[in-house]
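Reader: I have a new model open and would like a walk through it. Can we start with the overall layout?

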Amino acid sequence: MSVPTFTKTGAKATTAAKLDKAVFDVTVEHHNLLKAAYVAYLANGRDNLAVTKTRGLVRGGGRKPWRQKGTGRARFGSTRNPIWRTGGIVFGPTGAENYSHKMHQTAKQLAIRQALSVANTAGKIIVIDDVQFSSGKTSEAVKLLDKVGATKKTLLVVQDKTPTIRRATNNLQNVLLVQAQYLNVYDIMNADHVVITTAALAKVSEWLGGKK
């Protein structure tokens with residue numbers, strides 16, 4: 001399997017990049033595993049910030065609101081009672097909840113292979129020779145991506161995040177820079193284009209394809 005490859009300046013190269021079939025041509029019979037990996041990514045990045053007060057934490061309520069008998073009203077011992085509007089919350093979040101999802105490493109890698117295969121089938125994979133910016137200006141990154149046709153939401157996969165590449169892509173809202181070993185289903189599935197360097201491609205094939 002091969003896809004058109006581009007040089008670092010954006011011109012088409014003479015040879016096509018070979019994609020590992022074990023990574024980019026996986027049969028996806030259903031999307032259950034992809035969904036599980038997608039949801040797990042979101043869950044593991046969730047900040048547990050919601051905290052409510054129980055009746056023991058609500059301020060006030062130390063005095064009985066009215067006498068026990070003779071008023072015709074229901075008996076209450078405290079305004080912190082959960083059925084009062086200003087009372088405590090029953091079974092609310094405490095901030096100690098664990099929303100993370102665990103996935104076996106083998107399942108996670110298979111999900112990434114499936115995501116790359118879906119992206120490849122959709123024609124989203126673009127292989128470039130290398131990413132080298134002389135000054136790190138944003139215009140250099142824009143020029144390169146325009147030449148390879150990555151004008152929408154782009155996942156740029158490199159072997160190493162150099163300071164120059166970081167500086168050139170930091171201000172591009174539609175570009176996400178990621179190292180090859182940190183690829184994940186969420187970023188792949190949400191990208192319109194996956195631009196990957198040849199060095200990063202070899203790293204991905206070694207990591208996911210089992211090559212040593």
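Author: This is a predicted model. The protein chain holds seven helices and seven strands.

Reader: In what pattern do they come along the sequence?

Author: The pattern reads β-β-β-α-α-α-β-α-β-α-β-α-β-α.

Reader: What radius of gyration does the chain have, and what would a compact globule have?

Author: The protein chain has 27 Å, whereas a compact globule of 212 residues would be near 17 Å. Along its principal axes, the C-alpha trace spans about 95 × 40 × 30 Å.

Reader: What share of the residues is buried?

Author: Buried residues are 36% of the 212 in the protein chain. As for contacts, of those with a separation of 6 or more, 67% are between residues 24 or more positions apart.

Reader: Now confidence. What is the average pLDDT?

Author: The average for the protein chain is 89, and 91% of the residues score at least 70. Helix 6, residues 185-189, has the highest confidence at 97, and strand 2, residues 5-6, has the lowest, at a mean of 52.

Reader: And what about residues 7-16?

Author: There the pLDDT is below 50. The stretch has 21 contacts in the model beyond near neighbours in sequence. Where pLDDT is low, the predicted coordinates should not be read in detail.

Reader: Let's move to the strands. Which residues of strand 7 are buried on each side?

Author: His193, Val195 and Thr197 are buried on one side, and Val194 and Ile196 on the other. That makes five of five residues buried in strand 7, which covers residues 193-197.

Reader: Which strand do four bridges join to strand 7?

Author: Strand 4, residues 125-128, is joined to strand 7 by four bridges, and the two run parallel. Within that pairing, valine 127 stands opposite isoleucine 196. Strand 5 is also joined to strand 7 by four bridges and runs parallel to it. Here threonine 154 stands opposite histidine 193.

Reader: How many bridges pair strand 5 with strand 6?

Author: Five, and the pairing is in the parallel sense. Strand 5 covers residues 154-158, and its leucine 156 stands opposite leucine 177 in strand 6.

Reader: How many residues of strand 6 are buried?

Author: Four of its five residues are buried, so strand 6, residues 175-179, is mostly covered.

Reader: Switching to helix 2. How far does it reach?

Author: Helix 2 has 13 residues and reaches 18 Å from its first C-alpha to its last. That is close to the 18 Å expected at 1.5 Å a residue.

Reader: Which of its residues are buried?

Author: Leu33, Leu34, Ala37, Ala40 and Ala43 are the buried ones in helix 2. An α-helix has 3.6 residues a turn, so residues three or four places apart point the same way.

Reader: What do the buried residues of helix 2 pack against?

Author: They pack against helix 3 and helix 6.

Reader: One last residue. Where does asparagine 81 sit?

Author: Asparagine 81 is in the loop between helix 2 (32-44) and helix 3 (105-121).

Reader: Why does asparagine 81 count as buried?

Author: Because its relative accessibility is 19%, and buried means under 20%.

Reader: What does asparagine 81 touch?

Author: Leaving out residues up to four places away in sequence, asparagine 81 touches Arg55, Phe76, Gly87 and Gly88.

Definitions and conventions:
Residues numbered from 1 in each chain as written. Predicted model: local features only at pLDDT ≥ 70, side-chain atom pairs only at ≥ 80, totals over all residues. Heavy atoms only, no water. Buried < 20%, exposed > 50% of the residue type's maximum accessible area, 1.4 Å probe, protein only. Contact = heavy atoms within 4.5 Å. pLDDT = per-residue confidence, 0-100. Expected span 1.5 Å × (residues − 1). Pairing = 2+ DSSP bridges. Rg over C-alpha atoms; globule rule 2.2 N^0.38 Å.
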